[in-house]
Amino acid sequence: MDVWVEKPLIEGDSVTFQWTQSEANHFQRENSFSFRYEGLQLEVFSIELFYEIFLALQLRVFSAYHEAVTVHFPTPVPAFTAAFWSAYHNSERVMVTPISEFGGYRPWVGEPVLVTQPRKAAVFFGGGKDSTLATCLFSEIYGANDVVLIQFVGPLRNDPKLTRYLEERQERLMLKPATEQFGVATQRGWTNYQAIFREEGYALRPHLELYTVGALPTLLAWGVEISTFTANWTIMSTERRRTGKWVYRYAPSRPTALVAQSKHYRATLGVPITVTNVVLPFHGLAAHLLLTKRYPKTIDQIVPCTLAGVDRRSCYHCIKCVLFALSCFATKTTTPDFDFDYFWRESKFVKRSMELAESGVENSMFGNVPWSRAFFIGSRGYIMGCHIVARIDLSNLPIELTVDALANLTTFHAMYGNTLFPDQEAIPRIALDLLGEELGNRIGIIASQHMEIVDRIPQPTFSGSTPIEYSLDEPREPRVAMLEHIRGRNI
Ligand SMILES: [Zn+2]
């Protein structure tokens, strides 16, 4: 298959990417997508920067065709850019042409054009507990005056009403309160990229690249030196397939891959932009605990879910709302606009759990009901989830519940809350070490004032009812780290 990429179309703060294919696009509805970065003038950036974004997103899609693909660009693509994103997406069958004789490029057409008050640190901000914690940590370390929150309105389907809803909700419930409470700056963006995918292509939608690459013009304009997305260590398990092959879950988000991506930016753009994951050491309850202990006001500000009304923080029914409600009960914290009694009476999740209890399910995993899809957290969070429930003290609840609500909580507690796993509140030292010496030390000092730091991965570790392993520092040499320009030699 041949793909012909057009020159990116830049209009003020928007850029539109377009291409044609010699065969039908099986995975996307349109051969076009756009980004808008509020208030930035995009003509100050070089065309190669937009090639960087296009390849980071689209090579994953092109490599899903079961044939060789040649992607033709109107002007040469920097060699490091093509090499990095090809390795990142394992896209050996996709050839990019023409390739420049130069490895890197200057991301600016002329001199760098920065916003009036640049900021050193950026958080890709979703409004939930993890990115709120990241905002607090970065504000404490670098000063709130040096932090910018970056948020995209990125609907999953092409629907102007949905876009307006997301835009209004994100501004009203997330960005405005963050500016007022933390004193940080905010930068909005819009993209329809995720909305162009057909169902057949859902697995090809971007992960962290939507932000860590899609937001590059923003990172450059704000003079950002360190940027963070948020993913807890628990999702990054190491599992052995039946074939005997080891699988490293969430490969692109793993610490060694982030180090390589940061090196790529330094070597290719000539700009020291570090991409990190500052909440790696914390999982569910640990993040919630640190917020309640060190930044208690934030509990009234977290927006756990993405489904509730435009002026409501919680829907009460989704797994994120459930995690929030249970974490509050486990840590004896409340927040005025979350109706905990309603939650325990009416949440669809609670009702499903009560049906499961009535079905006669037996407690067989550590004295608890085994993990199932009806649980409130993914299979790798099962042990922590049970610990959260066990931590709820039925004789000392943060609020008084009505009889029906208390009956449901008591049943739920009998299903999942029979064993404490105190390790689950500890911070694994290796997760701090993997943030790099400087940041890891700073986060370690903050964390150690509130919770234990341990030299081992908290145990036990299960995915559902299957024991799993964690080696967060693997793979030592992911494909992207093997590239010449990442290893410090010229291509
Ligand atoms: Zn919800």
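User: Which residues in helix 8 do Lys129, Asp130, Thr132 and Leu133 in helix 3 meet?
Analyst: This is a predicted model, where local features need pLDDT of at least 70, side-chain atom pairs count only at pLDDT 80 or more, and totals for chains, interfaces and linings use all residues. Residues are numbered from 1 along each chain as its sequence is written. Helices (H or I, at least four residues) and strands (E, at least two) are DSSP runs numbered from the N terminus, and contact requires C-beta atoms, placed from the backbone, within 7 Å. The four in helix 3 meet Ala287, His288, Leu290 and Leu291.

User: How is helix 3 oriented to helix 8: parallel, antiparallel, perpendicular or oblique?
Analyst: Helix 3 (residues 129–142) and helix 8 (residues 284–294) pack at about 50°, with axes 10 Å apart. Axes are lines fitted to C-alpha atoms, for helices over the stretch in contact, and angles run from 0 to 180 degrees between N-to-C directions. Under 35 degrees is roughly parallel, over 145 roughly antiparallel, 65 to 115 roughly perpendicular, the rest oblique. So helix 3 to helix 8 is oblique.

User: Is Asn90 buried, exposed or partly exposed?
Analyst: Asn90 sits in the loop between helix 2 (79–88) and strand 6. Buried takes 20 or more other C-beta atoms within 10 Å of a residue's own, exposed 12 or fewer, partly exposed in between, with C-beta atoms placed from the backbone. Asn90 has 13 C-beta neighbours inside 10 Å, so it counts as partly exposed.

User: What is omega for the peptide bond from Thr97 to Pro98?
Analyst: Pro98 is in strand 6 (residues 94–99). The bond from Thr97 to Pro98 is cis, with omega near -10°.

Note on methods
Contact = placed C-beta atoms within 7 Å.
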